[in-house]
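I opened the notebook to look up a few places in one protein chain. My notes follow in the order I took them.

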Amino acid sequence: MKAKMIMVVLFILCLSAPVLVSARQKPREDQVDFDIAEDGTQMDYQNKNPDIVIIQDATRFRDFHSRIHRRTVPRPETPEVDFDSYFVVFLTYGEQPSAGYFIQVRTVIRRENTVVVRTLLKEPAQDS
């Protein structure tokens with residue numbers, strides 16, 4: 001059976017502004033709004049394992065998007081991203097032995113100057 005690649009591309013608000021926090025304060029967590037720009041199972045990404053790619057500029061994003069769609073006909077247009085406000089996180093479950101595997105993005109959280117993407121990796125039932 002042909003292996004499938006499960007991938008998700010999503011936009012996350014770029015939180016590059018500095019945050020001043022007192023050493024006694026509890027770390028601040030804020031939920032971040034995000035959009036799923038693209039998802040699918042037939043993208044051409046060569047990593048066989050789960051992976052995360054962070055893209056912070058338009059040139060790298062166009063090149064990356066073109067590369068993962070090099071065998072897609074017709075090739076989709078690269079989504080427009082304002083990299084002054086956003087960055088792109090590309091998530092892949094990696095190559096799997098069958099269909100039915102996927103990534104569900106649960107939340108995106110800002111902790112101080114860090115962004116945490118909480119995901120759920122789902123597998124098909126053993127009897128499917």
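Entry 1, Ser 66. I looked up Ser 66 and found it in helix 1. The model is predicted, and I read each value below with that in mind. Is Ser 66 buried or partly exposed? I get a relative accessible area of 29% for Ser 66, so it counts as partly exposed. I then took the C-alpha separation of Ser 66 and Pro 76 and got 8.7 Å. These two residues are ten apart along the chain.

Helix 1 runs over residues 58-68. Which of its residues are buried? I list Phe 61, Phe 64, His 65 and Ile 68. Looking down the axis of helix 1, I see these buried residues within an arc of 100°, so they line one face of the helix. I checked what covers them. The cover includes strand 3 (34-40), strand 4 (51-55) and strand 5 (86-96). I also looked at the N-terminal end of helix 1, which Asp 57 caps. A side-chain oxygen of Asp 57 lies 3.2 Å from the backbone nitrogen of Thr 59.

I placed His 69 in the loop between helix 1 and strand 5. The relative accessibility of His 69 is 5%; the cut-off for buried is under 20%, so His 69 counts as buried. What does His 69 touch, leaving out residues up to four places away in sequence? I noted Glu 38, Met 43, Arg 75 and Pro 76. Pro 74 also sits in the loop between helix 1 and strand 5. I checked the peptide bond that joins Val 73 and Pro 74 and found it cis, with omega at about -10°.

I found Gly 94 in strand 5. Its relative accessible area is 0%, so I count Gly 94 as buried.

I looked up the second largest pocket and read about 230 Å³ of space in it. Which residues come closest to its centre? Of the 13 lining residues, I wrote down Ile 52, Val 89, Leu 91, Val 117 and Thr 119. I then asked which strands supply at least two residues of the lining. Strand 4, strand 5 and strand 7 (114-122) each do.

I placed Glu 112 in the loop between strand 6 (102-111) and strand 7. Its phi is near 55°, a positive value in a residue other than glycine. I get a relative accessible area of 25% for Glu 112, so it is partly exposed.

In what pattern do they follow along the sequence? I read β-β-β-β-α-β-β-β. The chain has 128 residues, and 30% of them count as buried. I took contacts between residues at least 6 apart in sequence, and 71% of these join residues at least 24 apart. Last, I looked up the surface. The chain exposes about 8700 Å², and carbon and sulfur atoms supply 47% of that area.

Notes. Residues numbered from 1 in each chain as written. Predicted model: local features only at pLDDT ≥ 70, side-chain atom pairs only at ≥ 80, totals over all residues. Heavy atoms only, no water. Helix = DSSP H or I, 4+ residues; strand = E, 2+ residues; numbered from the N terminus. Buried < 20%, exposed > 50% of the residue type's maximum accessible area, 1.4 Å probe, protein only. Contact = heavy atoms within 4.5 Å. Areas by Shrake-Rupley, 256 points an atom, 1.4 Å probe, with all protein chains shown as cover. Arc of directions from axis to C-beta. Polar contact = N/O pair within 3.5 Å; in protein donor to acceptor, adjacent residues only side chain to side chain. 1 Å grid on protein atoms, 1.4 Å probe; cavity = no way out; pocket = protein on both sides within 12 Å on 5 of 7 lines; lining within 4 Å. Points joined across faces, edges and corners; volume = space filled by probe spheres on them.
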